[in-house]
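I opened this entry to keep a record of what I looked up in one chain. The notes follow the order in which I went through them.

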Amino acid sequence: MKKFLFVLLVTSFLVGCQSKTITGERVTVASGSYQNVTPAELRTMLKDKDFVFINVHIPFAGNIAGTDLSIPYDQIEENLSQLPSDKNAKIILYCRSGRMSSIAAEKLVSLGYENVWNLDGGMVGWEQAGFEIEKVEKTK
């Protein structure tokens with residue numbers, strides 16, 4: 001009986017320690033789809049970052065820690081050289097409210113990118129969830 005309880009306890013502990021798979025909410029657009037992610041889900045994803053993280057807001061209004069690039073939402077197509085050449089690479093976009101990043105996400109999907117994510121609610125939602133924004137613009 002003690003052995004059974006020990007195994008049950010260890011199994012419960014290991015299951016509880018596993019990372020939750022984040023799938024986001026699918027957004028269907030004319031040329032395919034992208035995933036919306038909540039601020040809490042993004043915070044979890046940033047702990048084991050496996051994506052290119054892009055701020056597409058103009059004018060500059062701050063960054064979320066871990067941001068890799070700043071590309072204006074309306075200049076995504078002109079800046080494809082900064083993006084991964086692998087169209088299956090995970091890319092997460094954000095802006096101030098979520099509107100500009102959803103436009104950029106739709107553009108990337110139309111260009112054949114298949115693993116595009118968008119921060120639902122943008123930096124406003126990020127801050128409302130209690131997370132900080134870096135207010136100083138990074139220089140390249």
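The entries below go from the whole chain to single residues.

**Basis.** I am working from a predicted model, in which local features need pLDDT of at least 70, side-chain atom pairs count only at pLDDT 80 or more, and totals for chains, interfaces and linings use all residues. Residues are numbered from 1 along each chain as its sequence is written, and side-chain values use heavy atoms, with hydrogens and water left out.

**Whole chain.** I looked up the elements and found four helices and six strands. Helices (H or I, at least four residues) and strands (E, at least two) are DSSP runs, numbered from the N terminus. Their order from the N terminus is α-β-β-α-β-β-β-α-β-α. Of the 140 residues, 40% count as buried; buried means under 20% relative accessible area, exposed over 50%, and partly exposed in between (1.4 Å probe, protein chains only).

Strands β1 (residues 25-29) and β2 (residues 32-37) pair in the antiparallel sense over five bridges; strands count as paired if DSSP finds at least two bridges between them. I noted Q35 in β2 as the bridge partner of R26.

**Helix α2.** In α2 (residues 39-47) I found P39, L42, M45 and L46 buried. These residues line one face of the helix, because they fall within an arc of 115° seen down its axis. The arc is that of the directions from the helix axis to the C-beta atoms. The cover over the buried residues of α2 includes β2, β3 (52-55), β5 (91-94), β6 and α4 (122-128).

**Cores.** I then looked up nonpolar cores, each a set of buried Ala, Val, Leu, Ile, Met, Phe, Trp, Tyr and Cys residues joined through side-chain atoms within 4.5 Å. The largest has 20 residues, of which Y34, I54, V56, L83, L93, L108 and V116 touch the most other members. β1, β3, β5 and α3 (99-110) are the elements that give it two or more residues, and α3 gives the most, with five. A second, separate core of 16 residues includes I22, L42, F53 and W117. Not counting residues up to four places away in sequence, V116 touches Y34, Q35, I91, L93, A105, L108 and V109.

**N118.** Is N118 buried or exposed? With a relative accessible area of 2%, N118 is buried. N118 sits in strand β6 (residues 116-119). Its side chain makes a polar contact of 2.8 Å with the side chain of N36. A polar contact is a pair of N or O atoms within 3.5 Å; within protein, one must be able to donate a hydrogen and the other to accept it, and residues adjacent in sequence count only if both atoms are side-chain atoms. Neighbours within four places in sequence aside, N118 has contacts that include Y34, V37, L93 and S101.

**Around β4.** The peptide bond from I58 to P59 is cis, with omega near -5°. P59 lies in the loop between β3 and β4 (69-70). S70, in strand β4, is partly exposed at a relative accessible area of 31%. The C-alpha atoms of S70 and I54 are separated by 5.6 Å, with the two residues 16 apart along the chain.

Terms used
Contact means heavy atoms within 4.5 Å.
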